[in-house]
Amino acid sequence: MIARPYAAARRTLSISEKLLDVNWGLVLIIAIIASVGFAMLYSVAGGHFSPWANKQILRFIIGLVMLVGCAMVDIRVWMQVAYPAYAFSLLLLIATTIAGHVGLGAKRWIELGPIELQPSELMKISLILALARYLHGLGVEDVSKPFRLLIPLAMIGIPAALVLSQPNLGTATIIVADGVSLLFLAGLSWWWILPAFGAVAAAVPIGWQFLHDYQRRRVLTFLNPQLDAMGAGWNISQAEIAMGSGGLAGKGFLNGTQSQLNFLPEANTDFAWTAIGEEFGFLGCTMLLLLFAIVIFYGVRIAVASRSQFARLLALGLTLNFFFYIMINGMMVTGLIPVVGIPMPLISYGGTAMLVVMFGFGLLMSCHVHRQVEIPRGSGSII
Amino acid sequence: MPLFDRKDKSRYATFTRRSLMMSGGVGVVFAILGGRLYQLQIQEGQEYRARSEENRVSERLVAPPRGRIFDRFGVELANNRRNFRVLLTREQLPNGVKPALDTISRIIYLSDRQRERVLRDVAANKAFVPVIVAENLSWDDFARINLHLPYLTGIQPDVGETRAYPFGDELVHILGYVAAVSQQEEQADSDPLLGLPGFRIGKRGIEKEFDTELRGKAGVDRIEVNAYGRNIRELSHETAAPGADIYLTIDNDLQRFTAQRLAGESAAGVVMDVTTGDVLALASTPGFDPNLFNIGISNAQWRELMGDDHKPLLNKAIAGTYPPGSTFKTAMAVAAVDNDMADFAVNCSGSIRLGNHVFYCDAWRIGGHGHVNLTRGIQVSCDIFFYEVARRLGIDKMGASARALGLGAPTGIELPGERSGLIPTRAWKLARFGVPWQQGETLVNGIGQGYMLATPIQLCMLAARIATGKAVVPRITHDIGIRRSPHPAHAPLPFSDKAFTMVREGMRLAVNQPGGTAFGSRITQPGMEMAGKTGTAQVRRITKEERATGIKSNASLPWNLREHALFIAFAPVEAPRYAASIVLEHGGNAHLEPQVQFARDILLYAQTRDPLKMQTAYPINAASLPTNSG
């Protein structure tokens, strides 16, 4: 049925066996989280499914089918498509940068037939796939060899630079974080890691020069929201008011005044978690964090239980990618870091993000289903 | 190829170790997020809850209807009339603001200034905020707008409220007017109502004096708004408390009669009820239209009012100060009797010499008045008699009596801007000019010239006090809302009855006896006769040369150099009920005595008005009156 260029699978599972083997517990948790998101979109729309909740539900169902479909595909096939996928994403990213549409003042979208796509979202998954494949072929001591390190650094650096030029600081940060995490997990020497962190810290003032005006303004208003209380600081202070006013148990479903009366900006997208905080309070927010933690726990367990280095790196890479979304969005809407435009996965309204996240879970599930598949180190290496 | 070589094992171990480290990092981040949530929602939750309420709830003030002002018989002198206006809401206009204004100006007149203001207001407000296009429309214009309404999308006719003064300039000096709040006034007054756009407060007269009472208390609409300020729904409503109605002692008919009688002159006239002190009329001419200030006065109109030498903006009845002239002789006569000079008499030869200065009497050309006692001194207004009285009394005793009669201090009438006039003292002169008092000044001040200054209301009060012998105090309000002032009981003045009797007799002779200064303009209706005292206030010095060659007649002088003509009176003579004072600026005429004619007509009118009506003073039960309709 499928070409099997790699040997040493213990045996090939049938589709029905694979379906039974899908971690349905994880799927249930994902569905619960997504449902919280639907409820929020319903509430933010003033108690209506239109215009957001209905579309989001549809996307989630498509995503769910995609998740299960991806889980059925052999992990070795994913390994095989890793580089082409990366190349494809990179091409799209370049195309966006050149001929992308201007959305929210930044070139982030490209029209691909009927759907608008954010190549930067696709790039994260592709990068994880490609890096996992590349690092699969390297031993611990190989990873730290400067020549071997050049290729993954380029694989990370080029899309990150492109995304940064869009400009999209948040996604660029996640791309770098994904890539560096994989290098770290593959065993990159501390002799590289620690000086690199030092260098980054030193580069912050230089990087400041390259930031766009609106990015600088965001950082400045983050550091002092009162600087521009009615302008850029508005988002931060209104988000904090929404979150804080929720108190312990929240104002109740459909009763969030900040989100219902449009004080909360982007309540359906980037600041959706804030709307949850307003209506369901501290209990609701920590409950959601707990669900996220369970998903991450599942992801780590799948990674550690996988027999192939590719699957391990892929599974944990995807899990960490999911985590970075939560971290950056969570910190951004609670005022811990500047606003960078990263959605809350499964919660925020948005087509590409939902499909990419579900695609990621599909790959994670494929790792789970194919955890017993062993892939020799040498195979798949391009060097 | 072996599946698990040593290298594989080592990198799997590394992966597991490092994945645990990463998981630890994940845990730390979740702990930070949880901690931040705890801080925002649990520790600072109350504060943020309050701030979200502040965001959500907009408190809108509701202006209360202003209290009305009535005369003593319940005639509305100031009320709130419907203000027909046209508003437009930008977001509802199909083709923008300018075409909408074009459409409106085809129906009603819009000036270029109005159009500019509308465009400015539209630009300054959010798209859903209605902006006033035109207000104070006539009913016809308003009806035309309503007729075309089906084609006027986004344009709303609206009925507001505005202050109206039905009697215009005849009552303006009593009522004052309302106008837009100035910046200083807004800072000085903490009432949030003053910040309301279009709110008006009292600027003069009763409107200013009782502004707080008339204003009422603001209502509050608590409205839920969204982030753009658009109303979502009303949360609660607290109705505005209407301002208190004020009842004046003024008799509107008499007031208007007085104002009309004095029209064309620069003059003041006050009429009081001597038994109560109620001011029945208080006119100052010329006036101006108070509605101008409410609607908005143009620069040209303002310049015209400011530049007028008849000073229409000045309430001369309380803020105009004039040398009382010979009207002051009544006070001098009271002082004389009080100082045992009741039987004092002089032989008037037309002049007296004091040191090297000669003082003249009006009658000097005909050789003087001859034998003059106190009553005759008042009747013929003999200066020589009062020079002698002044010389014997001295300025201290003269001043004490004048002040006891109410001169030299504000009467306390409930109107803003009352002046105190002036009864000079030795100390005052020393402080003012650094020169001690001269005896010659005592003589000049003894006939109401020199430094002496009095307001028409003080002169009217003087007449009332002479007529009654009591310390009558003028008042202009009797009911403010439900607060009712009882009839005041006036204390007797510290002078003997004989003093008043003699002065009243002198004043009776001055009007009703041939030879009296006001005989030509007496009241002839039996039982309504008045008693009075004329006065002339010089506004220039008469030189020795002029006296030698003949004093220029008043009519030959420029208007602003002519003498002021004064008159104080009470009527009827036998049982005084009304006191009046008239000051006619630059209106002196020794033959016609126009100020006496004015007083005669006004006092006659006051007495011929329905006596039954007069007896029903305060028939109005404030509580039973309909309150403001707004």
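**Notebook: helix pairs, a sheet and the A/B contact**

I looked up the handedness of one helix pair in chain B: α10(B) and α22(B) cross in the right-handed sense. A crossing is right-handed if the near helix is turned clockwise from the far one by less than a right angle, and left-handed if anticlockwise. The model is predicted, so local features need pLDDT of at least 70 and side-chain atom pairs count only at pLDDT 80 or more, while totals for chains, interfaces and linings use all residues. Residues are numbered from 1 along each chain as its sequence is written, and chains are lettered from A and ligands numbered from 1 in the order in which they are written.

**Entry: α10(B) against α22(B)**

I then took the geometry of this pair. Helix α10 (residues 252-262) of chain B and helix α22 (residues 594-608) of chain B have axes that come within 10 Å and cross at roughly 160°. That makes the two helices, α10(B) and α22(B), roughly antiparallel (under 35 degrees is roughly parallel, over 145 roughly antiparallel, 65 to 115 roughly perpendicular, the rest oblique). Axes are lines fitted to C-alpha atoms, for helices over the stretch in contact, and angles run from 0 to 180 degrees between N-to-C directions.

Which residues of α10(B) meet α22(B)? I noted B:Leu254, B:Phe257, B:Thr258, B:Arg261 and B:Leu262. On the α22(B) side they meet B:Phe598, B:Asp601, B:Ile602, B:Tyr605 and B:Ala606. By class, this contact has 7 nonpolar, 1 polar and 2 charged residues. Contact means C-beta atoms, placed from the backbone, within 7 Å. Nonpolar covers Ala, Val, Leu, Ile, Met, Phe, Trp, Tyr, Cys and Pro; charged covers Asp, Glu, Lys and Arg; the others, Gly among them, are polar.

**Entry: two helix pairs in chain A**

I looked at α5(A) and α7(A) next. Helix α5 (residues 119-136) of chain A crosses helix α7 (residues 146-165) of chain A at roughly 175°, and their axes come within 10 Å. That makes α5(A) roughly antiparallel to α7(A). From α5(A) I listed A:Ser120, A:Met123, A:Leu127, A:Ala130, A:Leu131, A:Tyr134 and A:Leu135, which meet A:Ile151, A:Pro152, A:Met155, A:Ile156, A:Pro159 and A:Val163 in α7(A). The residues of this contact divide into 12 nonpolar, 1 polar and no charged.

Another pair I checked was helix α8 (residues 169-185) of chain A with helix α14 (residues 309-333) of chain A, which pack at an angle of about 145° with axes 9 Å apart. The crossing of α8(A) and α14(A) is right-handed. Among the α8(A) residues that meet α14(A) are A:Gly170, A:Ala177 and A:Leu185, and among their α14(A) counterparts are A:Leu313, A:Gly317 and A:Ile328. This contact has 9 nonpolar, 5 polar and 1 charged residues.

**Entry: strands of chain B**

I traced an open sheet of 3 strands in chain B, in the order β1-β8-β9 with antiparallel pairing. β1 (57-62) and β9 of chain B stand at the edges, each with a single partner strand, so one side of each has no neighbour in the sheet. The twist averages 30° from one strand to the next.

Strand β8 (residues 219-225) of chain B pairs with β9(B) in the antiparallel sense over 6 bridges; pairing requires at least two DSSP bridges. How many of the 8 residues of β9(B) are buried? The count for strand β9 (residues 231-238) of chain B is 0. Buried means 20 or more other C-beta atoms within 10 Å of the residue's own, exposed 12 or fewer, and partly exposed in between, with C-beta atoms placed from the backbone.

I also looked at a hairpin. Strand β14 (residues 351-354) of chain B and strand β15 (residues 357-360) of chain B pair antiparallel over 4 bridges. B:Leu354 has B:His357 in β15(B) as its bridge partner. The hairpin has 2 residues between the strands, and B:Gly355 takes a positive phi near 65°.

**Entry: where the chains touch**

I found 36 residues of chain B in contact with 46 residues of chain A. On the chain B side, α1 (6-43) and α2 (45-56) are the elements that give two or more residues. The largest share, 22 residues, comes from α1(B). By class, the chain B side has 16 nonpolar, 11 polar and 9 charged residues.

**Entry: totals**

Chain B has 23 helices and 21 strands; chain A has 15 helices and 3 strands. Helices (H or I, at least four residues) and strands (E, at least two) are DSSP runs, numbered from the N terminus. Of the 630 residues of chain B, 43% count as buried, and of the 383 residues in chain A, 51%.

Notes. Two residues are in contact if their C-beta atoms, placed from the backbone, lie within 7 Å.
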